[in-house]
Amino acid sequence: MAAYSFSIAGVLLLCLISIVLAVHSGSSKGRAGALSGPVLPADDNNLLYRIDRVHMNAVEALTPFVVPAVLAMMVRVRPATLATLVWVYVAIRLIHVAVYLRGGKAAKGGSIRTILYVAGAFVTIALIITTMVAAIW
């Protein structure tokens with residue numbers, strides 16, 4: 001598993017990001033006197049809504065990426081290939097979080113935020129295909 005240390009570090013960072021965003025979302029709701037659960041109004045101009053959504057988005061994207069990453073290690077995908085996919089994905093997710101939290105035009109749906117989310121989805125698809133190919137051959 002030492003060959004996968006960079007990939008493991010990236011996967012753990014993704015998990016840590018999700019936890020940090022959960023704490024940030026919860027504490028932000030608490031400071032604002034908001035109840036747990038969905039934030040209303042559901043408006044990208046509402047910082048509390050964006051904080052909540054960026055957390056939920058990170059959680060939603062975590063499992064479909066982490067499961068194939070772990071499976072990739074099990075079927076011995078080339079460590080450099082896996083590390084590249086993991087760290088490209090980490091970079092995309094970090095930029096996505098920053099853009100979404102910053103707000104403004106770039107954070108609106110159909111903008112840079114969406115492009116980053118779709119880019120992350122394509123990296124996830126590449127990881128799934130790479131893992132599938134390694135498992136079959």
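In helix H4, the buried residues are Arg113, Leu116, Gly120, Val123, Thr124, Leu127 and Thr131. Buried here means under 20% relative accessible area, exposed is over 50%, and partly exposed lies in between, with a 1.4 Å probe and protein chains only. These buried residues of H4 pack against H2 and helix H3 (79–102). Helices are DSSP runs of H or I with at least four residues, strands are runs of E with at least two, and both are numbered from the N terminus.

A word on provenance. This is a predicted model, in which local features need pLDDT of at least 70 and side-chain atom pairs count only at pLDDT 80 or more, while totals for chains, interfaces and linings use all residues. Side-chain values use heavy atoms, with hydrogens and water left out, and residues are numbered from 1 along each chain as its sequence is written.

Back to H4. Helix H4 covers residues 112–136, which is 25 residues. From first C-alpha to last, H4 reaches 36 Å, close to the 36 Å expected at 1.5 Å a residue, where the expected span is 1.5 Å times one less than the number of residues.

How do H2 and H4 cross? Their axes come within 8 Å and cross at roughly 20°. Axes are lines fitted to C-alpha atoms, for helices over the stretch in contact, and angles run from 0 to 180 degrees between N-to-C directions. That makes H2 roughly parallel to H4; angles under 35 degrees count as roughly parallel, over 145 as roughly antiparallel, 65 to 115 as roughly perpendicular and the rest as oblique. On the H2 side, the residues that meet H4 include Asn57, Pro64 and Phe65; among their partners in H4 are Tyr117, Val123 and Leu127.

Now Asn57, which sits in helix H2. Is Asn57 buried or exposed? Asn57 counts as buried because its relative accessibility is 10%. Setting aside neighbours within four places in sequence, Asn57 is in contact with Arg93, His96 and Tyr117, contact meaning heavy atoms within 4.5 Å.

The other pair is H1 (residues 5–32) with H2 (residues 47–74). They pack at an angle of about 160°, with axes 9 Å apart. That makes H1 roughly antiparallel to H2.

Finally, the whole chain. The protein chain has four helices and zero strands. Its C-alpha trace spans about 55 × 30 × 20 Å along the principal axes. Of the 137 residues in the protein chain, 39% are buried.
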